[in-house]
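Hi,

Here is the structure I said I'd pass on. Have a look, and my notes follow below.

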Amino acid sequence: MQNSAAESIAEELLYITGKALLEADFQMFSECFRLPQMMETVDGRRLITTEAEFQYTFNSVRRHLHDCGVVDFARTVVSAKFLDADTIGSTHVSSLLGANGQEQAQPYPVYSVIRRHGNTWRIVSSLYAILDNPAYNEALMAKPDYSSTEQ
């Protein structure tokens with residue numbers, strides 16, 4: 001299998017997820033992922049098992065990006081290769097850009113596992129190496145507090 005095919009699949013998922021985040025389109029975003037979804041940052045690891053929990057995290061990340069003045073991404077696949085016929089390991093570097101085109105934070109790498117389900121490739125886990133942005137890590141790890149009366 002060609003790694004260029006793996007890179008194309010990873011690039012397409014990056015494009016769609018970036019567009020969905022910028023346009024606040026959870027439906028478009030969620031179609032690129034499969035639940036359960038494993039997310040990991042320097043602050044810990046969590047397993048997202050429900051669409052409601054995934055949407056809560058999506059909204060949390062969107063709020064963080066808005067608060068930081070992010071209006072675009074520069075995301076580049078560094079490496080993507082087939083681990084087996086139905087699994088891709090992919091690393092990309094992401095930069096968050098403001099209206100002036102300047103980076104709003106230091107670029108960070110993300111390693112994702114992408115699996116084929118039928119004819120569709122979906123992200124099943126992501127490891128974010130964001131070392132200098134605790135608020136972003138917190139947004140990624142956000143989960144609803146079901147014990148609270150406010151939702």
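This is a predicted model: local features need pLDDT of at least 70, side-chain atom pairs count only at pLDDT 80 or more; totals for chains, interfaces and linings use all residues.

Leaving aside neighbours within four places in sequence, which residues is glutamine 37 in contact with? They are Arg46, Leu47, Ile48, Phe54, Ile123, Val124, Ser125 and Ser126, where contact means heavy atoms within 4.5 Å.

Numbering starts from 1 along each chain as its sequence is written, and side-chain values use heavy atoms, with hydrogens and water left out.

Back to glutamine 37: this residue sits in strand S1 (strands are DSSP E runs of at least two residues, helices H or I runs of at least four, numbered from the N terminus). Its relative accessibility is 1%, so it counts as buried (under 20%; exposed is over 50%, partly exposed in between, with a 1.4 Å probe and protein chains only). A polar atom of its side chain lies 3.2 Å from the backbone oxygen of arginine 34, and one lies 3.5 Å from the backbone nitrogen of serine 125.

Glutamate 31 counts as partly exposed because its relative accessibility is 43%. Its C-alpha is 12 Å from that of phenylalanine 54, 23 residues apart along the chain.

Elsewhere, tyrosine 111 lies in strand S5 (residues 108-117) and, at 34% relative accessibility, is partly exposed too.

Cheers

How values were computed. A polar contact is a pair of N or O atoms within 3.5 Å; within protein, one must be able to donate a hydrogen and the other to accept it, and residues adjacent in sequence count only if both atoms are side-chain atoms.
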